[in-house]
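Take a look at the model below, then read on.

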Amino acid sequence: MEVAFQQCMDPDCRSTFGVEEVHVNCPACSKKGKSSLLDIAYDWSRLPVPKSLNFFEHRWSTKGAGIQGALDFSGVWRFRELMPFYRKESDIVTIGEGRTCMQNAVLLAPQIGLNKDRLFLQYEGLNPSGSFKDNGMAAAFTHARMVGAKRVACASTGNTSASLAMFASLSETTGIVFIGSGKIAYGKLSQALDYGAKTLQIQGDFDACLRRVRQIAVEQPGLGIYLMNSVNPFRLEGQKTIMYRVMEAMDWEVPDWIVVPGGNLGNCSAFGKAFAELKEFGLIDRVPRLAVIQAAGANPLHVLVNERGMKWNGGRVDYDTMKAYYREQDASDTGGHAHTIASAIEIGRPVNLAKALRAIDVMNGIVRQVDDETILEHKALVGRFGFGCEPASAASVAGAHMLIKEGVINKDDRVVCILTGHELKDPDATVKYHTGIDMKSVQETAKRTRPNGRLANLPIPVPDDLDAIIAAIAPDAAAAMGNKKAGVDPLRHVPISEY
Ligand code: F0G
């Protein structure tokens, strides 16, 4: 067997697949009508695992424009021995991601009831595209290069699309992003357009976009779409490194708590895997506790864990409970749609649910929900006493505050909150909080002209319809498939407020 492989996470299946294969879930389970996620697994006994974590530190001083310099400069690939799925170093894609910092937030700590020196903010907004997504994209684009993918796509609430678009343009791949109409913050939309991604503005929410892009990746192999969402297990390998950097900043001491916002639940899943592996290697002697914080309007993990008792259960996850809840949601007033000011985490059907349950198991984790007002108040607190962050990121600080008030987090515990996205991702939210001016509604009445910049890249409005989406992605392919809707006019007028 190879030293690195893909493996089904279902304990009754555990099928393995080569790293050169491309799957969006386990093909063996699919045949039985089940949908199971894959993990990247390694035969560590045949790999050179470092004997201590400070092995990685010397890399800060590597110099030069050569491959060694580029890999050691990256805050992801600096830890490449802990994610060795690539065949050769020349496969590796890096844009200088992961050079983020951890701030000891001495001024903010007492504001949320922690002792001074006990609150740490991990600023993932300092990544090149302004969010933590670059960690995972570096790994997924490396895999895409290994398999020769030419077209990469994702559904997104904004940050994945910004990151994908940046990596795609820098690695000369065609980037295609599916965003929900009116669902993503302007800072993020502007990035996807500027980096030149084909931006499909689907009439639907994130969950609808993800369903479509998965469907197209699986059912339309002729389009050659490589899926970049966090169902792609390679993404999560890159996101493990956020935890390595947290540990490094703490001089390799394990904190008491990792607090992270939860949307599609890729990040918390990656954190669980990172700590499970470090423990297995004997590189750490204990695992921190995990708190996943959701927005009250987008809270499926909270409901399923805290109200319906869902657990990892050794991998035998009770999907019937999940399905029953989703059916209830569909029949409710919300029609199953999530809604929160923290648009990045406005997700009703997180695809990584099972992996998140595993992370909660590994890290003795808990889940909480916080309402929008509380999120915005904590965003303002982070802005006032830190570098700032976008609304979804502030859910972590709001959640930590709640857990301190509950007495679950002790005021002397060392708490790391992950600030997942940069403040400038969503300036509208900040301006509205401080001035009451709703820039989004102002934009509705703004004058609109036909853009005439040489590189102008208009988003393409598309209904939530398979044929129309295929026509928008690849008009030639759609025409060849005899699709009557081929050739959707990308310049068709759309009110700007719909973005
Ligand atoms: N914070 C920010 C700023 C995000 O953009 C996201 C996810 C999350 C938290 C949640 O992370 O999905 O791993 O639980 N954004 C995705 C996107 C969904 O499309 O940009 P998760």
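Helices here are DSSP runs of H or I with at least four residues, numbered from the N terminus. With that in hand, α15 can be named as the element that gives the most to the lining of the second largest pocket, with four residues. Please keep in mind that this is a predicted model. Its mean pLDDT is 93, and 95% of the residues reach 70 or more.

**Confidence**

- Residues 483-499 are the stretch to treat with care, as pLDDT stays under 50 there.
- For that stretch, the model has 47 contacts beyond four places in sequence.

**The largest pocket**

- The volume of the largest pocket is about 1100 Å³.
- Its lining is made up of 33 residues, and S35, R214, Y319, M322 and V351 are the ones that lie nearest the centre.
- Three helices, α6 (206-219), α11 (319-331) and α12 (353-362), each supply at least two residues of this lining.
- Which element gives the most to the lining of the largest pocket? It is α6, with seven residues.
- By class, the lining of the largest pocket holds 15 nonpolar, seven polar and eleven charged residues.

**The second largest pocket**

- About 490 Å³ of space lies in the second largest pocket.
- This pocket is lined by 21 residues, with T340, I341, S343, D426 and K440 the closest to its centre.
- Alongside α15 (427-435), both α13 (372-385) and α16 (439-445) supply at least two residues each to the lining of the second largest pocket.
- Nine nonpolar, four polar and eight charged residues make up the lining of the second largest pocket.

**Cavities**

- How many cavities of 30 Å³ or more does a search of the whole structure find? There are four.
- The largest cavity has a volume of about 310 Å³.
- Among the 28 residues lining the largest cavity, F132, K133, N264, A344 and I345 come closest to its centre.
- Two or more lining residues of the largest cavity come from each of α4 (159-170), α7 (233-239), α9 (266-281) and α14 (391-406).
- The element giving the most to the lining of the largest cavity is α9, with three residues.
- The lining of the largest cavity divides by class into nine nonpolar, 15 polar and four charged residues.
- Next comes the second largest cavity, with a volume of about 70 Å³.
- Lining the second largest cavity are Q6, E21, V22, H23, V24, H143, Y226, L227, N232 and F234.
- In that lining, five residues are nonpolar, four are polar and one is charged.

**Cysteines**

- With a cut-off of 2.5 Å between cysteine sulfur atoms, the count comes to zero disulfides.
- C29 is in no disulfide, and the nearest cysteine sulfur, that of C8, is 3.8 Å away.
- Is C29 buried or exposed? C29 counts as buried because its relative accessibility is 0%.
- C209 is in no disulfide either, and the nearest cysteine sulfur, that of C154, is 9.4 Å away.
- Because its relative accessibility is 0%, C209 counts as buried.

Technical notes. Residues numbered from 1 in each chain as written. Predicted model: local features only at pLDDT ≥ 70, side-chain atom pairs only at ≥ 80, totals over all residues. Heavy atoms only, no water. 1 Å grid on protein atoms, 1.4 Å probe; cavity = no way out; pocket = protein on both sides within 12 Å on 5 of 7 lines; lining within 4 Å. Points joined across faces, edges and corners; volume = space filled by probe spheres on them. Nonpolar A, V, L, I, M, F, W, Y, C, P; charged D, E, K, R; others polar. Buried < 20%, exposed > 50% of the residue type's maximum accessible area, 1.4 Å probe, protein only. pLDDT = per-residue confidence, 0-100. Contact = heavy atoms within 4.5 Å.
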